[in-house]
Amino acid sequence: MGFSEKTQAYVAGKYYEYLKKSKRENYREIFMLATKHYAMQRGSRMAQRALRDGQKLDYATFCRYGEWIPSREMLNAGEACAKVEISVEPDYEYHVTYCPWNRQFVDMGQEEAGRIYCGCLDEAILRGFNEAVKFRTVQTRYEGAECIFHIKEAGIRTGEVLEQKPENVRDFGYHTAHTYYAFREIVEAVMGEQGKEAARRVLEDFRKDWGEELTEKLEAYSTTNFNVCD
């Protein structure tokens, strides 16, 4: 299997595993900070592309400039993210009834990592994009059967089709690598040599579980500046 939503969740879950093993009392806070760091970089890249194209930084633009679509691996396996629109005007609300990231965290026994990651990820992406957008994660699949997301006064009209711009989509090799290096930046900054050892172990485990080929592709992003769009 190639890169997918599951490889991305795997990397985050492994960082959580080694942060917890570090015995630091604030390991949860470090993990949350790393998640937000990753997410805000992603949101900022989306905003940069939108501004480059002269677009307003509203929620409709956010949807059009999204960086991911379901991976072919998850589509072929019938495990792609499933989304249901609940309301559109004036507030937009949607529920996620199945999530491959959630499935990976559960399969790894890392439900606590998933709860923290999913609880702050999307709100942080929006903050990186435009903190004025009133996006809220109401519930994740760790608290109930569905994820619930609510955007107050989203400005989307009923029947409006928000076509995602394919040139802005990045594959899950990129997203997995971004997760690895964004988390590494934070854990090394906070924990020094202990953080470097955690990052090394995450990569070692990735190589063992996902193979040399994918690991080499992940390492090829080591000099990528994830703060700016390309």
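A: Helices (H or I, at least four residues) and strands (E, at least two) are DSSP runs, numbered from the N terminus. This is a predicted model, in which local features need pLDDT of at least 70, side-chain atom pairs count only at pLDDT 80 or more, and totals for chains, interfaces and linings use all residues. Residues are numbered from 1 along each chain as its sequence is written, and side-chain values use heavy atoms, with hydrogens and water left out.

The largest pocket holds about 830 Å³ of space. It is lined by 32 residues. Closest to its centre are Arg 42, Trp 68, Lys 83, Tyr 94 and Asp 122. Several elements each give the lining at least two residues: helix 2 (27-52), helix 3 (59-64), strand 2 (92-98), helix 5 (100-107), helix 6 (111-130) and strand 4 (147-152). Helix 6 gives the largest share, 6 residues. By class, the lining has 23 nonpolar, 4 polar and 5 charged residues.

Now follow helix 2. Helix 2 packs with helix 7 (residues 172-191) at about 130°, their axes 9 Å apart. That angle makes helix 2 oblique to helix 7. The crossing of helix 2 past helix 7 is right-handed. On the helix 2 side, the contact (heavy atoms within 4.5 Å) includes Ile 30, Phe 31, His 37, Arg 42 and Arg 45. Helix 7 brings residues including Tyr 174, His 178, Phe 183, Glu 185 and Met 191. This contact has 12 nonpolar, 6 polar and 3 charged residues.

Notes
1 Å grid on protein atoms, 1.4 Å probe; cavity = no way out; pocket = protein on both sides within 12 Å on 5 of 7 lines; lining within 4 Å. Points joined across faces, edges and corners; volume = space filled by probe spheres on them. Nonpolar A, V, L, I, M, F, W, Y, C, P; charged D, E, K, R; others polar. Axes fitted to C-alpha atoms, helices over the stretch in contact; angles between N-to-C directions. Parallel < 35°, antiparallel > 145°, perpendicular 65-115°, else oblique. Left-handed = near helix turned anticlockwise from the far one by under 90°.
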